[in-house]
Amino acid sequence: MSIITVNNLTKVFTTVEKQPGFRGSLRSLFKPQHSQVEAVKGITFSIADGERLAFIGPNGAGKSTTIKMLVGILYPSQGQAQVLGKTPWQERQALSYQIGSVFGQKSQLWYHLPPADSFDLLAHIYELEPFAYRERLAELVEIFEVEPYLNTPVRKLSLGQRMRCEIAASLLHRPRILFLDEPTIGLDVVVKQRIRDLILHLNQEEGVTIFLTSHDAGDVEVLCHRAMVINYGAVIYDGGVNDLKHTYLRTKTISLKLGTPWRGFEFAGVSLLKQKGYGVKLEVDTDVASIESVMAQLLSQYTIVDINIDNPPMESIIAQIYERTPESRSPAVSASSLAVE
Amino acid sequence: MSLLSRYWFVSRISARQQWAYRSEVLVRSVSTVLFMGIFVALWRTAFSVSQSTELSGYSLVDMLWYLAMTETVALSSSRAFQEISDAVKAGDLAYTLTRPMAYPFLQVANSLGSSAPRFLINLVTASAVVAVGVGLGAGSLGGALAFLVMAWLALLLDALIAVLIGMLAFWLEEVLPIYWIYQKLLFTVGGLFLPLEFFPGWLQRLSQWLPFRFITNAPARAFVAFSFAEVLPMVAGQLVYIGVLLAVVSLVWKIARRRLVLHGG
């Protein structure tokens, strides 16, 4: 069952362009030059209940704009969206009881007060029954292990401690969908892992649908089973996280331990990455050469003691997607200037 | 009822957050002491030069207590305009907008809460300076009670205006100049520095009908010259303006939401 359906969702921002200098200021006052930026261009997708979706793309790709339309903050220029059967920008308040959001770079906790106070306030805002609230709070405090700093002013918490409180705060009202915008930004490796475990736990134990944006390849790989890649306002990939590798991966690395000394290897599409003694690392461009043919050739030339074939890390796959030149697609920033009389 | 209790809770938590800045507010109250000290010296001189015991119906003691009360309200006034325009500029509305509450009224509740601790500190400081300068001798129990009620209504009215100014940030790049205009109107036709009775007849009549006097003049006037005949119409005026602004704020918010452009991705 689809919990989110998006159809041809489009957002065009109109901005006033200002020429530099005082003359430019005057000109923009009397004869403003408007330019239109298509931040999201007619995207269509649907998400099933209980999915864990990673929404990835470089800065300015349209990720946040999409999230903000789905939670009802922004009105789209065109297109439809249904979140839990509601049109977000028309039924924002009713929807807000059923969705939660975590914005990694912002805070919803009161800075000078302990998290417990912010939790109490949220319980009031979401009209939770006192008993149900206490029960839910106890549950979240246990899962997120925030007991020790429940009564410490937020300003004194570390980023990792605060982030756990932020996520717990977003879950008090038992949302069915959790939107996470860069939840692990700025956290160290151990804390990142802890946050990922918690999000995974929520999805598995409570069936919360996870909609995550991240720049962290680890978040995508560990947390999500489905990935959607957005760039220049359009969805350029939608499928399994594992398939993402196959789609974008055009190289594999072969690590060998040889039984005989290295004498070089000539093969179209294969390049030497590293060689030290009997250890060799090769990169294969799978568009040019198949792994099978490379292996066959290697086995005919060398005695091989040990072999490993690896995919490059998620990190480089994402980097590869971002680096893809938009030549084949029309750029999103089509600054068609419209002089307004 | 539960709807109002949410706003009440927002006010409470906001007051507690503001309380964390109490030492900062205390330091700022040095300027209150300075202001009130200057007023004491100024009006002493004015009264002695004019050689009369009353000016436009105010004795020296009345005058200074009047000023202590207008200053108390003005110094505790809302900064919601700043908060809203900062949030609009920085794109920080993401969290507050996803709550099941109307954003502008959340800001009003927020503003009232953060005004409360400042109001208490300003009231104590300004009263102390005037009491030391010219003694007690003004006001009454009825006047004090009327002041407390009317000051609260005044701060609510002020918060609504501040939120309205803040929402202009959806159209304007900078709302501070608009706030300055509002502030100067409080100084003058709001009767902050001079009771309305000192104005020429036409200006007095005009000021009486403008919203600004209901913020600064009305509560202070109720304190120094309490009578039901005078206080009730002023409270009614406050309530009418609060009602009008509630409607205007809701309407402007409806329009603003549609043109909301969140900065920062």
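**Exercise 1.** Determine which residue forms a salt bridge with B:Arg28, and state how far apart the closest N and O atoms are.

*Solution.* In this predicted model, B:Arg28 forms a salt bridge (a side-chain nitrogen of Lys or Arg within 4 Å of a carboxyl oxygen of Asp or Glu) with B:Glu24, and the closest N and O atoms are 3.0 Å apart. Finally, B:Arg28 has a relative accessible area of 40% and is partly exposed, as is B:Glu24 at 36%, where buried means under 20%, exposed over 50% and partly exposed in between (1.4 Å probe, protein chains only).

Local features need pLDDT of at least 70 and side-chain atom pairs count only at pLDDT 80 or more, whereas totals for chains, interfaces and linings use all residues. Side-chain values use heavy atoms, with hydrogens and water left out, residues are numbered from 1 along each chain as its sequence is written, and chains are lettered from A and ligands numbered from 1 in the order in which they are written.

**Exercise 2.** Characterise the salt bridge between A:Asp219 and A:Arg196.

*Solution.* The N to O distance is 2.7 Å. The pair links distant parts of the chain, 23 residues apart, with A:Asp219 in helix H8 (residues 217-223) and A:Arg196 in helix H7 (residues 189-206) of chain A. A:Asp219 is buried at 0% relative accessible area, and A:Arg196 is buried at 7%.

Terms used
Helix = DSSP H or I, 4+ residues; strand = E, 2+ residues; numbered from the N terminus.
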